[in-house]
Amino acid sequence: MKMLIAPITAALWSVAALAGEPSKSPPHIEPKAEQHLKEMGAYLGGLKMFSFQVEEFFDVVQDEGQKLQFSNQRQVSAKRPDKIAGETLGDTTNSQFYYDGKTVTVVDKTHKTYAVEKVSGTIDAMIDELHERFGIDQPLSDFLFSDPYKALTEHVRSGTYVGLHHVGKVKCHHLAFQQKRLDWQIWIDAGEHPLPRKLLITFKRQAGEPQFTALLHRWDVNPTLADDAFQFEPPTDTRKVDFLQRHGEPEKKPTSK
């Protein structure tokens, strides 16, 4: 059986990036759903520094229709306006990502390679430039934009308030949204800080309607983050590669006869 992981993991789970063209007609979002999503967006956008961890699960549909589930663990730190660091370990990747306001560095720890590309500007500008130039998107980038509400609702056709439900022991406002290519749900902390606690995306245009679920926890909205936390110092056994070849297999050294 062939494991078809690459196509779905390449999408990197950004609601805005996966949705296609923006909706041409105004979305029909219930006032209560819009209120809580706006509050979350304003709170996240107003944070100067923050960090969180993610436990993600996603389906991969095989040719014969069977769904297989895989998972990864992520750690993300951000310092506005122009710094991000992230690390991912799991079934499909073992990687690191750094943005220091001047360059993006992507590290493939499995192959012991890293790639560097010059990019400057805010976090928003960096995410947009990587998407336009290379067709890649930072995982869960909707929450990293300076205006998360705008990023999340750009392609929305409808939105509803589902109710007060729990993510673990945390009571949350449960919202559901529909777009052309996907449906998504979000659970927002109903306590003092309206932080996203869970995101679920259903890819309704793909065979078998696979789903992606992210549990966002261990939020720190006032971390101590020095600038060197967003810079990569390559170990001696790590090889630099071209940015477009950052996920390629390492070159095989010729064997001596």
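## Close-up views of a predicted model

**View 1. Aspartate 82 and the residues it touches.** Leaving aside residues up to four places away in sequence, aspartate 82 touches Tyr99, Asp100, Gly101, Gly121, Thr122 and Ile123; a contact here means heavy atoms within 4.5 Å. This is a predicted model with residues numbered from 1 along each chain as its sequence is written, and local features need pLDDT of at least 70. Side-chain atom pairs count only at pLDDT 80 or more, while totals for chains, interfaces and linings use all residues, and side-chain values use heavy atoms, leaving out hydrogens and water. Aspartate 82 sits in the loop between β3 (67-79) and β4 (83-90); helices (H or I, at least four residues) and strands (E, at least two) are DSSP runs numbered from the N terminus. If you follow the chain on to phenylalanine 230, you cover 148 residues in sequence, yet the two C-alpha atoms are 9.9 Å apart in space.

View 2. A salt bridge is counted when a side-chain nitrogen of Lys or Arg is within 4 Å of a carboxyl oxygen of Asp or Glu. Lysine 83 counts as buried because its relative accessibility is 14%; buried means under 20% relative accessible area, exposed over 50%, and partly exposed in between (1.4 Å probe, protein chains only).

View 3. As background, side chains of opposite charge can pair when their charged atoms come close. The count of salt bridges comes to ten, and a network of them links Glu117, Glu129 and Arg133.

**View 4. Arginine 197 and its surroundings.** Arginine 197 lies in strand β11 (residues 196-202) and forms a salt bridge with aspartate 189, with 2.9 Å between the closest N and O atoms. Both arginine 197 and aspartate 189 are buried; for arginine 197 the relative accessible area is 17%. Residues up to four places away in sequence are again not counted, and arginine 197 touches Val167, Val170, Cys172, Trp187, Asp189, Ala214, Leu215, Leu216, His217 and Trp219.

**View 5. Aspartate 142 in a loop between two helices.** Aspartate 142 lies in the loop between α4 (123-134) and α5 (148-153). With 1% relative accessibility, aspartate 142 counts as buried. Leucine 152 is ten residues away along the chain, and its C-alpha atom is separated from that of aspartate 142 by 6.1 Å.

**View 6. Positive phi at lysine 112 and arginine 218.** Lysine 112 is not a glycine, but its phi is positive, at about 55°. This residue is in the loop between β6 (103-108) and β7 (113-118) and counts as partly exposed at 43% relative accessibility. Arginine 218, another residue other than glycine, has a positive phi near 55°. Arginine 218 lies in strand β12 (residues 211-220) and is exposed, with a relative accessible area of 62%.

**View 7. The protein chain in numbers.** Five helices and 13 strands make up the count of elements in the protein chain. Of its 257 residues, 47% are buried. Among contacts between residues at least 6 apart in sequence, 52% join residues at least 24 apart. The protein chain exposes about 13800 Å², and carbon and sulfur atoms supply 49% of that area; accessible areas come from the Shrake-Rupley method with a 1.4 Å probe, and for residues only the protein chains shown count as cover.
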